[in-house]
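Me: I have some questions about how the labels in this model were reached. Please set each value against its cut-off.

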Amino acid sequence: NETNLVEALGTTKLYFEKIFEDAPVGIAITDGAEILEACNRTFRELTDNAAHHSFLDCVKDDCKEEVKTKLYELINAVYSAEKPIEVQLKSDKKDKTVTVYAKKIESNNDGKKQKGLILYIIDVSDRKELQNQFVQSQKMQAVGQLAGGVAHDFNNLLTAMIGYCDLLLATFRPTDQS
């Protein structure tokens, strides 16, 4: 019976490793709020397969402090906040925008309580780009409508002027000074 238990644990471990490694979202496990303990293939691909010791090493410099603050708030919070964090990751090719869902984990090892985070990272770069294009097209549409409205109003003024000029020409003879 003990042999069956060992085999079942081994099988479960293999399944877990396969699920973890092949997940379609980036997964990283940190001790505390920074140091990476483990990460999957998708996470490595999002960070250009670079060897990082800290999650913050992957984050662009201009949003690093904000991300650090939010992760430390989460790791030290009594409750686990489920609000995602939008983060810009560094990249050799093209910077990536990702949404990070962080879940606080606690474990007891040798009588010591250890805190950590599981980070679920979803690449939203394409969605962000489409959103920016949509906003830009809405701006262009608004400018087009404004220009069309101005042209319509100007056309109305010109029509009135031409009408008055036609009335003047019809009222007076061609030799009249008016």
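Me: Why is L158 called partly exposed?

Reply: The model is a predicted one, and in it L158 has a relative accessible area of 32%. Buried means under 20% and exposed means over 50%, with partly exposed in between, so 32% makes L158 partly exposed. L158 sits in helix 4, residues 125-171.

Me: Why are R41 and E21 called a salt bridge?

Reply: The cut-off is a side-chain nitrogen of Lys or Arg within 4 Å of a carboxyl oxygen of Asp or Glu. For R41 and E21 the N to O distance is 4.0 Å, so the pair counts as a salt bridge by that cut-off. R41 lies in helix 2 and E21 in helix 1, so the pair ties together parts that are 20 residues apart in sequence.

Me: Is K104 buried or exposed, and how do you know?

Reply: K104 has a relative accessible area of 13%. Buried means under 20%, so K104 is buried. Its side chain meets that of E106 in a salt bridge, at 3.6 Å from N to O. E106, at 41%, is partly exposed.

Me: How do you know that the buried residues of helix 3 line one face?

Reply: In helix 3, V67, L71, L74 and I75 are buried. Seen down the helix axis, the buried residues fall within an arc of 95°, so they line one face of helix 3. The face turned away from that buried side carries the exposed residues E65, E73 and N76.

Me: What is the span of helix 3 set against?

Reply: Helix 3 has 13 residues and reaches 18 Å from its first C-alpha to its last, close to the 18 Å expected at 1.5 Å a residue.

Me: Which residues touch the most other members of the largest nonpolar core?

Reply: F55, L119 and I121 do, out of 22 residues in that core. Helix 3 gives the most to this core, with 4 residues.

How values were computed
Residues are numbered from 1 along each chain as its sequence is written. This is a predicted model: local features need pLDDT of at least 70, side-chain atom pairs count only at pLDDT 80 or more; totals for chains, interfaces and linings use all residues. Side-chain values use heavy atoms; hydrogens and water are left out. Helices (H or I, at least four residues) and strands (E, at least two) are DSSP runs, numbered from the N terminus. Buried means under 20% relative accessible area, exposed over 50%, partly exposed in between (1.4 Å probe, protein chains only). The expected span of a helix is 1.5 Å times one less than its number of residues. The arc is that of the directions from the helix axis to the C-beta atoms. A nonpolar core is a set of buried Ala, Val, Leu, Ile, Met, Phe, Trp, Tyr and Cys residues joined through side-chain atoms within 4.5 Å.
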